[in-house]
Amino acid sequence: MALTFSIQEHGFACHLAGREVLCSTPQRPAFSVASGQPEVRMVRGNFEISDAPTGRVALGAARMDGDDLLVSEALDSPPLLRLSAKGDSLRVHALAAGHDRVWIELTAQPGEHVWGGGEQMSYLDLSGRRFPIWTSEPGVGRDKSTELTRLMDDQGMAGGDYWWTNYPQPTFLSSRLYACHLSSSAYSVLDFTDPARHGIEVWEGSFALEFFAADDIAALVGALSTRFGRQPALPDWAIGGAIVGLKEGDASFARLDAIIAAGAEVSALWCEDWIGIRQTTFGRRLFWDWSWNEARYPDLPGRIAALKERSIRFLGYVNPYLANDGVQYQEALAGGHLALRQESDEPYLVDFGEFDCGVVDFTNPASLDWFAERVIGREMLDFGLSGWMADFGEYLPVDLRLHDGSDPMLLHNRWPVLWAEANARAIASRGKTGEAVFFMRAGFSGVQAFCPLLWAGDQSVDFTRHDGINTVLTAALSAGLVGNAYSHSDVGGYTSLHGNVRTPDLIKRWCELGAFSPVMRSHEGNRPDDNLQIDSSDDLLASFAAMSRVHAALAPYVRHLSDEAVATGLPVQRPLFLHYFEEALFAVQDQYLYGADMLVAPVVEADAAARSVILPGDMPWRHLWSGEDFAPGTHIVDAPYGQPPVFYLPSSAFTPLFATLKA
């Protein structure tokens with residue numbers, strides 16, 4: 001389908017498949033330009049960004065120039081933008097030197113809803129809010145009304161807000177069944193605060209807006225997944241049991257045996273501390289030099305081989321930075337693989353909280369290859385790892401010097417994509433694409449083509465509205481709409497600060513959520529000694545074991561959903577409106593469809609024994625645990641531990657499988 005211009009008596013418009021997507025008049029110009037003066041401050045991945053644009057001009061007049069539009073302040077003034085319609089894209093090019101700020105207003109209609117924005121934690125429906133697009137730490141608390149957020153803001157600007165995310169993406173889908181993607185890695189803003197216009201602010205003078213249209217929302221999601229790249233099917237081992245996260249050195253293996261003896265179905269052991277630890281005031285961190293720490297894990301090769309004999313994989317951890325007190329930092333320095341300071345040829349060091357690291361410069365192809373082969377290939381894949389957390393990617397400072405001369409302001413958002421490419425390239429070099437799995441929290445447009453699995457980042461160990469267990473659902477649903485088929489989370493949460501610690505209630509509910517996610521993986525958190533763990537008591541261990549068995553039992557269904565994701569681009573976890581396109585469902589973000597046949601309503605409030613559940617459509621839904629059929633509509637459903645509200649369609653081909661889980 002082609003985007004078309006039409007000159008009108010007092011302005012112009014753009015249409016896509018019969019939809020007006022842009023309308024500009026002298027009274028309400030759709031474009032403005034200016035020159036920007038940004039200020040960016042970073043403290044350990046938390047950013048404070050401001051701008052003082054000058055010479056802003058609203059462009060209210062336009063004339064055709066061949067097939068293009070020239071847009072100016074008035075008919076008798078020089079053009080300041082050239083607009084070109086190329087297929088389904090609108091290409092925008094500033095004509096005056098220095099115009100590196102562009103504002104666009106797209107047409108909005110009363111009652112229109114929008115989704116997307118990458119991986120959003122707080123809101124699935126973006127309507128009525130403004131979303132800056134800049135990859136960063138997500139913040140701790142993320143709610144300016146809470147004491148935890150205030151404390152974290154006082155400590156390195158780390159409290160965050162509702163739009164802070166590791167994985168932003170300037171893409172939105174509309175209930176008018178079209179989508180728009182900003183093809184730029186610059187700092188940008190999606191602004192849906194005006195019900196009459198969708199605002200887009202871009203800190204770059206040349207870019208494109210790509211448009212997509214479809215007859216239904218599922219087809220639109222599929223089109224976006226085609227645009228950004230689909231992930232391979234998840235391997236059987238990743239979905240066939242729980243991935244147990246332990247970081248107690250060699251003692252982790254005895255703990256794993258006890259967890260298995262308690263009846264847990266385990267597919268992998270994940271020891272992020274395989275490279276050693278560094279204790280900080282934040283908690284138990286890792287030693288960022290990416291090779292086996294023999295002192296912490298004696299005879300790890302033998303341990304990995306023994307696990308393999310039991311069909312259990314071993315997973316590790318890596319990120320794209322090198323601690324300056326490690327061996328690999330010196331190797332990278334000697335090889336010219338580190339980003340440099342602007343004023344000298346000294347490596348740029350980033351403060352990660354009580355230790356400093358160099359930045360591997362992925363704009364240098366030789367450096368990306370070095371990290372993929374020398375670090376991930378030899379130290380990890382050849383060593384026997386079947387997967388890992390590929391952490392970070394959000395910290396690229398904007399005042400360093402890159403090998404290819406790129407502006408760091410334009411590379412910052414793309415950095416997670418380059419990081420994902422390094423991991424994917426290493427796996428491909430060993431012929432293990434679709435077999436070895438890494439998971440990332442950072443992302444941006446295009447990460448879908450490289451990263452096989454997202455995880456939702458570092459939630460607080462609580463039920464809070466903007467940073468607790470419930471944000472995991474919003475993250476999966478929003479990211480899934482823009483082409484990420486698979487998401488999961490740290491069972492138990494991660495961030496424990498200022499006395500905020502796990503409760504048995506939280507762990508049990510997170511185990512339930514993990515069971516109905518494509519991958520179930522536990523984490524000990526940043527302060528494992530201060531927090532309950534899945535094996536801290538017989539009761540907690542029994543809960544984890546029971547839900548791991550549910551997760552393993554659902555593997556044939558998840559295999560079906562994974563294959564479906566490859567074929568159609570539809571995510572495994574889906575908003576209700578993906579199959580039931582009703583306005584009443586457009587903002588529902590505390591329950592989801594697990595494929596088309598199952599509905600999951602996790603318990604995401606503390607000390608809850610029941611919850612309200614929406615059953616959409618016009619056919620009955622069967623309660624997974626009792627076998628009772630419920631009519632469509634809203635119900636209060638009992639939710640004892642181990643039996644979160646889960647329903648399925650009796651007509652499903654997987655009904656015999658689902659029936660085996662009946663209590």
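Two strands pair if DSSP finds at least two bridges between them. I keep that in mind for these entries, and I note that the model I am reading is predicted.

**Entry on strand S16.** I looked up the partners of strand S16 and found that 6 bridges join S16 to strand S19 (residues 206-213), the two running antiparallel. Within this pairing, I noted that Leu 182 has Leu 209 of S19 as its bridge partner. I then turned to strand S15 (residues 168-174), which pairs with S16 in the antiparallel sense over 4 bridges, and here Phe 172 has Cys 180 in S16 as its bridge partner. The hairpin of S15 and S16 has 3 residues between the strands, and in it Leu 177 takes a positive phi near 65°.

**Entry on helices H11 and H12.** I next followed helix H11 (residues 504-515) and helix H12 (residues 538-553), whose axes come within 8 Å and cross at roughly 10°. Because angles under 35 degrees count as roughly parallel, I wrote down H11 as roughly parallel to H12. The contact includes Ile 507 and Cys 511 of H11, and Leu 540 and Phe 544 of H12; its residues divide into 8 nonpolar, 3 polar and 3 charged.

**Entry on Ile 507.** I then examined Ile 507, which is found in helix H11 and which counts as buried because its relative accessibility is 2%. Leaving aside neighbours within four places in sequence, I listed its contacts as Arg 502, Leu 532, Gln 533, Ile 534 and Leu 540.

Conventions:
Residues numbered from 1 in each chain as written. Predicted model: local features only at pLDDT ≥ 70, side-chain atom pairs only at ≥ 80, totals over all residues. Heavy atoms only, no water. Axes fitted to C-alpha atoms, helices over the stretch in contact; angles between N-to-C directions. Parallel < 35°, antiparallel > 145°, perpendicular 65-115°, else oblique. Contact = heavy atoms within 4.5 Å. Nonpolar A, V, L, I, M, F, W, Y, C, P; charged D, E, K, R; others polar. Buried < 20%, exposed > 50% of the residue type's maximum accessible area, 1.4 Å probe, protein only.
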